[in-house]
Amino acid sequence: MAIQHTLSIIKPDAVAKNVIGDIIRRFEENGLSVIAARMLRLSAEEAGRFYAVHKDRPFYKDLCAYMSSGPILAMVLEGQNAVALNRQLMGATDPKQAEPGTIRADHADSIEANAVHGSDSPENAESEIAFFFSDLDLHSRR
């Protein structure tokens with residue numbers, strides 16, 4: 001199994017609910033280490049750049065408005081098969097379809113306000129991490 005990095009974002013709804021600690025605990029208890037973290041509030045323009053791959057999708061404007069509605073916590077997670085493991089821990093995008101015990105099943109409000117974002121591939125993880133962090137920000141704990 002390969003050691004990977006992946007981007008995780010705790011979204012505005014989960015930050016507002018004050019469940020940051022619980023979400024990070026789940027990552028750490030499952031073998032993922034936070035090697036960079038940054039709390040910030042995206043502008044609508046920044047959210048638009050980050051989610052540019054969805055620009056032609058009907059939910060794009062609402063997604064950008066939501067992601068700029070409050071603070072987020074962007075993190076880089078490191079661990080064995082980090083991309084797939086993070087996605088497993090998050091659960092399905094729609095919290096109604098998420099497995100019990102996943103982050104979204106426990107903390108998401110809706111398919112739109114779904115608590116967390118995670119990279120969907122190692123290639124996307126690389127570009128998403130670069131959106132928020134430089135190599136100097138990453139501090140492996142291995």
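What follows goes from the whole chain down to single residues.

Keep in mind that this is a predicted model. The protein chain has seven helices and four strands, and along the sequence they come in the pattern β-α-α-β-α-α-β-α-α-β-α. The radius of gyration is 14 Å, close to the 14 Å that the globule rule gives for 142 residues, so the chain is as compact as a globular protein of that length.

**The chain as a whole**

- Along its principal axes, the C-alpha trace spans about 40 × 35 × 25 Å.
- Of the 142 residues, 50% count as buried.
- The accessible surface comes to about 7600 Å², and carbon and sulfur atoms account for 50% of that.
- Take the contacts in the chain with a separation of 6 or more: 79% of them are between residues 24 or more positions apart.

**Strand E3 and its partners**

- Strand E3 runs over residues 72-80 and is mostly covered, with eight of its nine residues buried.
- One partner is strand E1 (residues 3-10), which pairs with E3 in the antiparallel sense over eight bridges. In this pairing, Ile-3 stands opposite Gln-80.
- Strand E2 (residues 33-40) also pairs with E3 in the antiparallel sense, here over seven bridges. Look for Val-34 opposite Leu-77.
- As a tip for viewing, side chains in a regular strand alternate between the two faces of the sheet.

**Helix H5**

- Helix H5 covers residues 82-90, and its buried residues are Ala-82, Val-83, Leu-85, Asn-86, Leu-89 and Met-90.
- The buried residues of H5 pack against quite a list of elements: E1, H2, E3, H6, E4 and helix H7 (122-132).
- Just after H5 comes Gly-91, which takes a positive phi of about 90 degrees.

**Ile-24, in helix H2**

- Ile-24 sits in helix H2, which spans residues 20-29.
- Setting aside neighbours within four places in sequence, Ile-24 is in contact with Ile-10, Val-34, Leu-73 and Met-75. Val-34 is the residue that stands opposite Leu-77 in E3.
- Ile-24 and Lys-55 are 31 residues apart along the chain, and their C-alpha atoms are separated by 30 Å.

**Cys-64, in helix H4**

- You'll find Cys-64 in helix H4, residues 60-67.
- Is Cys-64 buried or exposed? It counts as buried, because its relative accessibility is 7% and the cut-off for buried is under 20%.
- Beyond neighbours within four places in sequence, Cys-64 is in contact with Ala-44, Ala-47 and Gly-48.
- From Cys-64 to Asp-120 is 56 residues in sequence and 19 Å in space, C-alpha to C-alpha.

**Asn-114, in a loop**

- Asn-114 lies in the loop between helix H6 (103-107) and strand E4 (116-118).
- Despite the loop position, Asn-114 counts as buried, because its relative accessibility is 3%.
- Which residues does Asn-114 contact, leaving aside neighbours within four places in sequence? They are Lys-11, Asp-13, Tyr-66, Thr-93, Arg-104 and Ala-108.

Methods:
Residues are numbered from 1 along each chain as its sequence is written. This is a predicted model: local features need pLDDT of at least 70, side-chain atom pairs count only at pLDDT 80 or more; totals for chains, interfaces and linings use all residues. Side-chain values use heavy atoms; hydrogens and water are left out. Helices (H or I, at least four residues) and strands (E, at least two) are DSSP runs, numbered from the N terminus. Contact means heavy atoms within 4.5 Å. Buried means under 20% relative accessible area, exposed over 50%, partly exposed in between (1.4 Å probe, protein chains only). Two strands pair if DSSP finds at least two bridges between them. The radius of gyration is taken over C-alpha atoms; the globule rule is 2.2 Å times the number of residues to the power 0.38. Accessible areas come from the Shrake-Rupley method with a 1.4 Å probe; for residues, only the protein chains shown count as cover.
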